[in-house]
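Please read it alongside the structure.

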Amino acid sequence: MKRRMALACSFALILSLAGCGQTKEASVEQILNEELSGEITVSCYDTLISKDFLEKAAKSFEEKNPGTKINVEAFGKMPEIKTSEGSNCKIAIATKEDDSQERTNYINKINTELMSGGGADVLSMDILPYYKYADSGLLEDMNAYMDADSSFDIGNYRENIIRAMEYHGGQYLLPLDYIFHYIAYDSSLFSDEEKIRLESGKAKITYEEIFDIAKDAFERKNANSAERVSMIGAFTNYMMLDEMMAPGYETYIDMENRQVNLMDGRFAALLESVRNYGELGYLQQSLELNHLDMNDIKKQREDQFFYKTKNQLSLTSEVLREAGLNNGKLNFGFGSAVGGDDSNDKALGPLTDGNKNAPFDYLQAYGINANSSNKALAWAFVKYLMSEEIQSDPQLMLVGLPINNAARIEQAETTITRSFLEESPGEGSVEDGELTETEKRTIDRYIEVVENFSDSLNYHPVQDDTVNNMIRSEVSHFFDGSKSAAEVAGVLQEKIELYLNE
Amino acid sequence: MNRLFTNAGKRKIDPGLLFLLPGFAGVLLFYLWPFLVSLWYAFTDNPIKGNFVGLANFIELLHNKPYLLGLKNTLMFIGMSVPLGMILSLAVAMLIHRTGRRKELFALVFLIPLVIPSGSMVFFWKALFLNDGYVNGVLVSLGLEGINWFETPMAMYVILLIFIWKNLGYNMVLFLAGLHNIPKEYYEAAAVDGSSGVLTFFHVTLPGLVPMLVLTAIMSVINSFKVFKEIYLITGSYPHESIYMLQHFMNNMFFSLNYQKLTTATCILVLLITVLVQTLFRFERRHDQ
């Protein structure tokens with residue numbers, strides 16, 4: 001009986017191993033020579049930005065390539081849209097509670113599909129840990145496709161952004177857009193000498209430096225004023241910590257090389273600084289971004305702040321204000337909707353670590369499943385998403401700056417001319433379909449500003465949700481006073497090291 | 001073999017085997033086959049397009065610090081919890097066995113922790129042992145300093161307490177059954193011979209309990225692995241290093257998609273448990289002889 005059992009188990013083992021042989025893989029050149037046909041699936045978690053964009057792009061692609069079918073799967077729930085109307089404007093706020101369980105469920109679903117040899121052909125890397133998939137060989141290295149495909153010229157895209165997103169020398173995701181933060185200061189709150197100091201150091205802005213420069217102005221303003229003026233708008237302790245860690249993230253946690261360095265005193269000093277800023281009244285601790293109504297937003301827009309951290313969308317306002325339009329009251333971009341009165345704002349520059357790192361992020365980036373049975377179509381669709389045609393289509397809402405250079409220029413022209421059209425009749429109105437000199441100058445200036453900022457962006461460290469959750473959970477003990485900065489640094493060092501060494 | 005054949009040599013299938021077949025098919029389909037298939041991952045470098053790498057994964061795992069930490073903590077925990085749990089549950093079982101009245105009530109009290117859901121239990125332990133919990137409250141009121149129970153090596157003792165509290169009733173029931181099976185005549189004969197309580201325990205009770213001791217030891221080892229549930233609910237995937245167990249490592253490998261390390265660790269664990277169980281059964285057989 002025992003012998004029969006042993007034989008049965010051996011037979012089962014051999015049977016299972018028989019299916020584990022390797023099949024010969026097609027080369028990238030062979031894949032690129034295949035005719036585009038068949039079906040692929042594109043999977044994303046986010047519904048607010050990605051789903052609509054993908055569905056419209058898929059429809060357009062199918063029309064251009066008959067015989068192909070692009071299925072779009074979106075997992076996340078739609079956010080709640082709240083609208084509020086004022087006397088001359090209407091504001092819609094899309095809010096969604098951070099449902100970590102829903103995110104975990106999506107990631108588990110994708111993990112299971114990928115590890116069982118299946119999964120969508122194209123994956124949106126909105127919340128997925130792409131570096132883990134890259135380490136397991138589950139994503140295609142698109143460097144080979146970019147090199148072999150003669151119709152793909154990296155010169156047509158923001159190459160510094162694409163290359164900064166390489167992981168271990170491979171290109172496992174391609175971004176469709178990029179976003180970045182920059183600092184602007186309210187020039188009406190600073191003395192001339194302080195303004196000179198700010199402007200002279202704007203190439204390598206750090207929060208520590210700008211707070212130091214504004215220290216006297218802050219005390220001066222708040223000594224004589226009944227209503228306190230915050231140093232920086234819309235920041236809690238946690239947001240401040242995230243912002244200050246971002247430019248030098250890898251010096252604390254290097255996911256690529258599996259190293260963590262929180263014990264040399266810098267992290268503890270950073271925690272102390274953030275708490276100190278909160279105690280000095282620099283930060284707005286009570287801000288609840290998900291529960292703002294029209295009155296809150298109106299008050300926020302009238303508030304003054306010494307500094308504002310804005311995103312790239314606000315560059316439109318900066319340039320238009322330079323051109324003498326809007327007086328900074330209209331045409332707020334996404335980034336400064338709660339950022340206070342910016343009628344006296346002057347842009348400094350992208351945040352850096354004081355040295356060479358200027359971080360950026362993306363809203364949409366896509367990778368190709370290494371198990372995909374139709375890589376030719378998958379690559380063609382990803383390329384199409386990056387094309388000028390799709391990225392400059394005003395019907396498709398690309399919230400970040402397009403990665404395609406020509407599309408970015410077109411978007412700039414559209415944005416500026418639309419702003420002129422919305423302005424009251426007068427200087428700058430479009431006449432006879434031709435751009436006026438003012439419009440041309442403003443467009444050129446906007447493009448110059450955007451491209452200068454974009455040229456400096458070079459830093460996109462790999463970040464891990466598990467590590468960030470550990471940090472978030474542990475630093476809460478520091479901010480509530482139950483642990484010291486050194487204790488928090490010690491606990492995090494141990495936990496993250498354990499995680500990275502597994 | 002003989003059951004399959006009649007005296008005339010004709011093959012006859014025992015109906016009992018037919019009744020066992022569905023159960024065996026389920027075990028084969030949902031336990032044995034997946035285990036054998038996953039074994040393959042332990043010998044490859046990638047679960048999808050894996051190349052055979054021999055014992056490289058095992059060698060790498062034996063140099064992996066978190067794995068060694070988990071293994072060390074697990075073995076330490078088993079080394080402390082199993083003997084302590086067995087001694088305490090045997091003591092309780094003997095006390096209840098001697099009780100004249102309300103035996104069932106006392107047994108029931110010790111069985112209650114077994115039926116309380118882990119999620120509810122975790123809430124109770126957190127209320128006791130968090131930094132601002134009741135235990136620290138008592139310590140502070142006595143003029144002592146509070147202890148960070150879950151983020152210092154004291155965490156191991158808290159987990160030990162949780163394990164014993166939860167499993168004492170289970171082992172106690174097994175020992176009670178074992179104690180009932182020891183013939184009273186043995187005790188009477190020992191009493192007649194003037195044997196003391198201690199001598200009676202070592203020469204009558206313990207030898208009579210050997211089969212139950214082996215079973216309880218095996219079940220305690222298995223239950224010691226289940227304490228991961230409570231640790232996970234209290235402290236998450238990455239607890240203090242003193243309570244980072246093998247199951248943490250394996251659970252985390254699953255979520256990290258590192259199936260090679262997961263299955264390699266599983267293989268080693270299966271091997272260790274097999275050796276342990278075989279050793280215990282050999283001890284029992286030798287005792288019977």
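How many salt bridges does the count come to over all chains?

1. The model is a predicted one. Over all chains, the count comes to 31 salt bridges. Side chains of opposite charge can pair when their charged atoms come close.

2. In chain A, the side chains of Arg258(A) and Asp135(A) form a salt bridge, with an N to O distance of 3.7 Å. Arg258(A) lies in the loop between strand 10 (253–254) and strand 11 (259–260), and Asp135(A) in helix 5 (residues 130–135), so the pair ties together parts that are 123 residues apart in sequence. Arg258(A) is partly exposed, at 36% relative accessibility; Asp135(A) is also partly exposed, at 40%.

3. A salt bridge joins Asp345(A) to Lys310(A) at 2.8 Å, N to O. This pair links distant parts of the chain, 35 residues apart: Asp345(A) belongs to strand 13 (residues 345–350) and Lys310(A) to strand 12 (residues 305–311). Asp345(A) counts as buried because its relative accessible area, 6%, is under 20%. Lys310(A) is buried too, at 1%. Both residues belong to a network of salt bridges that also links Lys308(A), Glu318(A) and Arg321(A).

4. Arg266(A) and Asp264(A) form a salt bridge in which the closest N and O atoms are 2.9 Å apart. Arg266(A) is partly exposed, at 33% relative accessibility, and Asp264(A) is partly exposed at 41%.

5. In chain B, Ser118(B) is placed in helix 5 (residues 118–129) and is buried, at 9% relative accessibility. The side chain of Ser118(B) makes a polar contact of 3.4 Å with that of Lys229(B). Leaving aside residues up to four places away in sequence, Ser118(B) touches Lys166(B), Lys229(B), Glu230(B) and Leu233(B).

Technical notes
Residues are numbered from 1 along each chain as its sequence is written. Chains are lettered from A and ligands numbered from 1 in the order in which they are written. This is a predicted model: local features need pLDDT of at least 70, side-chain atom pairs count only at pLDDT 80 or more; totals for chains, interfaces and linings use all residues. Side-chain values use heavy atoms; hydrogens and water are left out. Helices (H or I, at least four residues) and strands (E, at least two) are DSSP runs, numbered from the N terminus. Buried means under 20% relative accessible area, exposed over 50%, partly exposed in between (1.4 Å probe, protein chains only). A polar contact is a pair of N or O atoms within 3.5 Å; within protein, one must be able to donate a hydrogen and the other to accept it, and residues adjacent in sequence count only if both atoms are side-chain atoms. Contact means heavy atoms within 4.5 Å. A salt bridge is a side-chain nitrogen of Lys or Arg within 4 Å of a carboxyl oxygen of Asp or Glu.
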